[in-house]
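User: I have a new structure to look at and would like to go through it piece by piece. Can you put it up and start with the terms?

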Amino acid sequence: NFKFINFSNVGKIITQYKVKNFSISTGLEATQTNFVLKDLDQQSDFDRNYLNLSPSTNLFYKINNNSNLSVNYNGYMQQPSINQIQPVRQLNNPLFQVIGNSSLRPSFTNNFGLSYNSFQFSTDQYISGYFSYGFTNNAIVDTEIVDEFNKRISSYTNLNGNNSIAGNVYYSKGFPKLNFRF
């Protein structure tokens, strides 16, 4: 028998500067979150307070009327959910148990991106490219063990080394006389 209370406050500030073909915007969002889990049967409380910070910066350069280049950075924190941190065994299924980890720390993800876009009206062609790289500190991941009785016990832990890379290139060429686009 539990009572769960989740309370959050959010604040955000953004600054932007523009001169000729260049602009920059930067900002920070701060979220204060408080989790309280009250065990009404055991007369005990479990609470956590988190300050989540999410910085961001975007640089934009207009190369000419048809092309632009942008660089961006976004960071964000993710606090553990109450299900991930509550130190209460969930016994819904005797062959599968979930145990919360009250020692979990919030994760922080950094994402960097670079993009280019160009559209040439005279030749009716469009090209774009994007590349991003991200890494997460203290990523919250699932762990699972299987004991000698084939019972699965699942929990959560923090892990470093989660990296991601993504990219794409897009090209399109129009042939107006054929009413066709490649």
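Analyst: One term to begin with: contact means heavy atoms within 4.5 Å. Also, this is a predicted model.

User: OK, take Asn158. Which residues does Asn158 touch, not counting residues up to four places away in sequence?

Analyst: Asn158 touches Ser103, Leu104 and Arg105, and also Asn138, Ala139 and Ile140, with residues up to four places away in sequence not counted.

User: And where is the place of Asn158?

Analyst: Asn158 sits in strand β10, which covers residues 152-159.

User: Does Asn158 count as buried or exposed?

Analyst: Asn158 counts as buried because its relative accessibility is 18%, and buried means under 20%.

User: What does the side chain of Asn158 reach at 2.9 Å?

Analyst: The side chain of Asn158 reaches the backbone nitrogen of Arg105 at that distance.

User: Let's step back. How many helices and strands does the protein chain have?

Analyst: The protein chain has 1 helix and 12 strands. From the N terminus on, the order is β-β-β-β-α-β-β-β-β-β-β-β-β.

User: What about the overall dimensions? What does the C-alpha trace span along its principal axes?

Analyst: The C-alpha trace of the protein chain spans about 75 × 40 × 30 Å. The radius of gyration of the protein chain is 24 Å, whereas a compact globule of 182 residues would have one near 16 Å.

User: What share of the residues is buried?

Analyst: Buried residues are 28% of the 182 residues in the protein chain. The accessible surface of the protein chain is about 12,200 Å², and 55% of that belongs to carbon and sulfur atoms.

User: And the charges? How many positive and negative side chains are there?

Analyst: There are 14 positive and 10 negative side chains in the protein chain, and the centres of the two sets lie 20 Å apart.

User: Back to single residues. Where is Thr109 found?

Analyst: Thr109 is in strand β7, residues 107-120. Thr109 is buried, since its relative accessible area is 9%, and the cut-off for buried is under 20%.

User: Which side chain is joined to that of Thr109 by a polar contact?

Analyst: The side chain of Thr136 is, at 2.9 Å. Leaving aside neighbours within four places in sequence, Thr109 is in contact with Thr136, Phe135, Asn74, Gly75 and Tyr76.

User: Gly75 and Tyr76, noted. With what is Leu53 in contact, leaving aside neighbours within four places in sequence?

Analyst: With that exclusion, the contacts of Leu53 include Gly75 and Tyr76, as well as Met77, Phe108, Leu28, Glu29 and Ala30. Leu53 is in strand β3, residues 44-62. At 33% relative accessibility, Leu53 counts as partly exposed.

User: How far is Leu53 from Gln78, C-alpha to C-alpha?

Analyst: The C-alpha atoms of Leu53 and Gln78 are separated by 9.3 Å, and the two residues are 25 apart along the chain.

User: What about Ser132, which residues does that one touch?

Analyst: Ser132 touches Phe112, Gly113, Ser164, Ile165 and Ala166, again not counting residues up to four places away in sequence. Ser132 is in strand β8, residues 125-137, and counts as buried at 15% relative accessibility.

User: Now the loops. What is the phi of Lys20?

Analyst: The phi of Lys20 is near 45°, a positive value in a residue other than glycine. Most residues other than glycine have a negative phi. Lys20 lies in the loop between β1 (2-19) and β2 (22-39).

User: Which residue has a positive phi of about 65° although it is not a glycine?

Analyst: That is Asn150, in the loop between β9 (139-146) and β10.

User: Last one: how far apart are the C-alpha atoms of Lys20 and Pro94?

Analyst: They are separated by 66 Å, and the two residues are 74 apart along the chain.

Note on methods. Residues numbered from 1 in each chain as written. Predicted model: local features only at pLDDT ≥ 70, side-chain atom pairs only at ≥ 80, totals over all residues. Heavy atoms only, no water. Helix = DSSP H or I, 4+ residues; strand = E, 2+ residues; numbered from the N terminus. Buried < 20%, exposed > 50% of the residue type's maximum accessible area, 1.4 Å probe, protein only. Polar contact = N/O pair within 3.5 Å; in protein donor to acceptor, adjacent residues only side chain to side chain. Rg over C-alpha atoms; globule rule 2.2 N^0.38 Å. Areas by Shrake-Rupley, 256 points an atom, 1.4 Å probe, with all protein chains shown as cover. Lys, Arg positive; Asp, Glu negative; His and termini not counted. Charge placed at Lys NZ, Arg CZ, Asp CG, Glu CD.
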